[in-house]
Amino acid sequence: MAQPTNWLPRGVGGGGSMFYPTINPANDNEFYVTCDMSQLFHSTDFGSSYTQVPFTKLQTGNISTYEFTNNNNVAYCIANDGNINYAVRTMDGGNTWAAVPGNPLDGEDVYSFKADYNNPGRVIIGYYDALYISNDYGASFTLIRNAATGSGLAVGGVFFDGNNIYIGTNDGIIYSSNGGTSFSILATTGMPASQTIFSFAGAKVGGTTRFFCVAADVADVYNGIFPWEYYGFAKAVYSLDAGANVWTAKNTGINFSTDFVMYVGMAKNDINTVYLGGSDDNTGGNLVMKTSNAGTGWSKVFLTSNNQNIKTGWSGQGGDRGWGYGESCFGITVAPNNANKVLFGDYGFVHKTSDGGSNWQQAYVNAADEHPANAPTPPKQYYRSIGLENTTCWQVHWQDANNMFAAYSDINGSRSVNAGVSWSFDFTGHTVNSMYRIAKHISNSTMFAATSGIHDMYQSTRLQDNPLDNTDAGGKIIYSTNNGAAWNVLHLFNHPVFWVATDPGNANRMYASVIHYAAGAGQGGIWMTNDLNNLAASSWTKLANPPRTEGHPASIVVLNDGKMICTYSGRRNSGGTFTASSGVFIYDPVGNSWTDVSDAGMQYWTKDIIIDPNDALQNTWYVCVFSGWGGAPNGKGGLYKTTNRGASWTKLTGTQFDRVTSITFNPALQTQAYLTTETQGLWISNNMNAATPSWSLVTAYPFRQPERVFFNPFNLNEIWVSSFGNGMKMGLISGVLPVNLISFNGNRYTATTQLHWITANQGTGDKFEVQRSFNGSQFTSIATVKGSTASQYDFTDSIIAPVLYYRLKLVAGNGNSTYSNILVFKDGMQNDIRLVNNPVTNDQIAIKITAATTGKLQLLLTDISGKKIMVKDITVTQGSTLLNIPLPANTARGIYTLQAVGMDQEKTFRVVY
């Protein structure tokens, strides 16, 4: 099987911090914007869509800016490898990036790196307390200046004008008139000695070169201030014309007690139009101010009240998140040659204007999904990604072929009802920062999820007792009985819950990983319930702590024989040292006993455990491990394998991988597996049956830290990857499983079960095995239905039993296979809703309804963007009814989603018209 060559972004768009966009002076539709999760996003259509630079070429951080030059082959940036910020360049149009060869302070963090657009060889590099210049593309550097104080040398901006170079810093304007051969502090007046430059921009028209700056108290300015340190920071805005060299206050219209400006931006060719970016204390959201008269007066132009002049995505007044989520402009960027085009990033999004701030537009979701200005943002709408995915996703979960739920940090989670095409916050009852793991009941459709108010769990910053031991009101298990549309509390632990796992042989048993050390006396460990059927009334018991552990449990798997295996992840003490409290443990519920089966390499920072799907006896396990630091934990990372339930282990990856998170086998080709790492990207092996599997980088996957890989159980052509900071991506493999199951449902009449399924793309070589179970875990094939050119199939089973379970095994002509959702029936008539015609003909949808009693049903038809097309409330009588629902006049041809809610049912169908 070939690996995917293209990965499509999926999700709601945005949600994570975006920093300092830069616009190409030669093409004001092109810009780059950086993310603190290492991505460098690139747009060539002014924020209508994005790609991202592959991590193998360039990784950035929250101080990085992409520096254009007039040579298309030459650009500069600050790279971040997870440890240090350093200056890099490309000399071949971005195909390769490398550290500048003449880096003057190698090993020290770079704080600023600016390029002269019109002189591609000229760059200025800033360290904490020193500035250097290069005129030979970074091959060599000359010292400009050392910092005057211990606050460092903070660069607020650089203005290049031929041989004139102006650098705005907290030491003043550093000036050169000879192309950087020499520099001096420009003598200026007008600004009090108690204030200094923080942000600096300039422009030139004719003989006038004009600068603006945001000034703050000298004592408050230091090198490395972040954009969220805005509160009460700025004290004044000044302008200065070169030659006169007098700073003049330009504060009319600014109330510095509530208008927390941080950044100034100008086009290089407009000395009168200036923008300020920051945070508005009156609204708690972004602040953008503008002057068109060189600072004589300022006015607010980003008008968040009722979204007055802003076309919104899911964030806005009235939306899924208010303006307080973005909070403050992380820079303000003006196109160098067009003062009407402005961008800014913030805590979650990118926003843009093309008309000088008269009108603004979101730049993080599909424009067709956005909402009009001067109106509240409607919540719980559906959005399609345009590539700006910058939030951590932990898991992708399928309820059926159409209903999906994704577990996220920071944005809680997201839901799709159309097989992952669009996503939404269309749910209630879950508002906690992070959802880490979703599990499904073994015999019904109930979902369970582990949540916490603490994000980034078991990353290097989330291993110590603070904050993990703090009371966590979000530390709970929640559940949903309607595909994630509504969540309820199952059990509140008040400590982070990281994982939940059901017992395949016991429908009432579930385990949870709860995090809490508290000096060895905490509530952290594995918890268990044996009355899951009682849902919110279920009782939970903490199991005894396994040997060596210190309250940091991670992944859980329950074996078919009832034994539970789990990993404990890393813990660092108050001094930052890893404790030997991690590993792999087996719990036997019969004897209520634990066995430590950890390899020595697992004792410091273990991640996921996975059962080999090729081993029917479940004796073969894979365990993923991170290396720590500081002696004993060093060099432990990699993939470990046991074939005897932990009696002995083999490290399969040598020193190739330093930190491995998870492994996933391809269910259609079980010699193939995908491996996720912390910073080395996504890897694939096609010989997992070998003693030492070989691994290749999945080169098309662009992000450095995938978390887990998930195959769509209803379409094995789709591979979904969650990530630490890059949301979800979906890759396509052709020819794995051509047949696509759209829906599988049925009903039961006393001794007769009627099954019905709808497919797409099936061929005459495909087949469907109908499988039945009496306990929900052991299935037997009872019939085989051959595929045909038809898209709808029916099967009847006549048998008497108190409870019956059914599923389909879909077998493609090439031998690959997968399974459908599981249907559960109890004796007696069961409520059922079935879509009869798909694709829809005669402009009406035919629905067959079986009702045990008379009841109400609501039908909601939406288009692919989530827009409501039709809503109908229907009274359904007892028995079987065939309804023909006319489509609204002028309904366009396309793909729609039909939701049917009522009669204790919630079903979603993908409708083709």
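1. A polar atom of the Thr549 side chain lies 2.8 Å from the backbone oxygen of Pro546. That counts as a polar contact, meaning a pair of N or O atoms within 3.5 Å; within protein, one must be able to donate a hydrogen and the other to accept it, and residues adjacent in sequence count only if both atoms are side-chain atoms. A word on the source: this is a predicted model, in which local features need pLDDT of at least 70 and side-chain atom pairs count only at pLDDT 80 or more, while totals for chains, interfaces and linings use all residues. Residues are numbered from 1 along each chain as its sequence is written, and side-chain values use heavy atoms, with hydrogens and water left out.

2. Staying with Thr549, you will find this residue in the loop between β42 (541-542) and β43 (553-558). Strands here are DSSP runs (E, at least two residues), as helices are (H or I, at least four), numbered from the N terminus. Thr549 is buried, with a relative accessible area of 12%; buried means under 20% relative accessible area, exposed over 50% and partly exposed in between, with a 1.4 Å probe and protein chains only. Leaving aside neighbours within four places in sequence, Thr549 is in contact (heavy atoms within 4.5 Å) with Tyr568, Ser581 and Phe585.

3. Polar atoms of the Asn309 side chain lie 2.7 Å from the backbone oxygen of Val301 and 3.0 Å from the backbone nitrogen of Leu303. Not counting residues up to four places away in sequence, Asn309 also touches several others, including Gly357, Trp360 and Ala373.

4. On to the strands. An open sheet of 4 strands has the order β17-β18-β19-β20 with antiparallel pairing, where two strands pair if DSSP finds at least two bridges between them. β17 (195-205) and β20 (248-249) are the edge strands; each has a single partner, so one side of each lacks a neighbour in the sheet. Between β18 (residues 208-217) and β19 (residues 234-241) there are 7 bridges, and Arg210 has Asp241 in β19 as its bridge partner.

5. Further along, β47 (residues 606-611) has 6 of its 6 residues buried. This strand pairs with β48 (residues 621-625) in the antiparallel sense over 4 bridges, and Ile611 is bridged to Trp621 in β48.

6. Aromatic pairs number 67 across the whole structure. The rule is that rings of Phe, Tyr and Trp (its six-membered ring) pair if their centres lie within 6.5 Å, with planes under 30 degrees apart counted as stacked, over 60 as edge-to-face and the rest as tilted. Phe41 and Tyr50 have ring centres 6.4 Å apart and planes at 80°, so they are edge-to-face. Phe330 and Tyr347 are also an edge-to-face pair, at 4.9 Å centre to centre and 70° between the planes. Phe330 is buried, with a relative accessible area of 0%, whereas Tyr347 is partly exposed at 25%. Both belong to one aromatic cluster, whose members also include Phe19, Trp228 and Tyr263.

7. Finally, two charges over rings (NZ of Lys or CZ of Arg within 6 Å of the ring centre and within 35 degrees of the ring normal). Arg321 lies over the face of Phe425, 4.7 Å from the ring centre, and Lys341 lies over the face of Phe46 at 4.5 Å.
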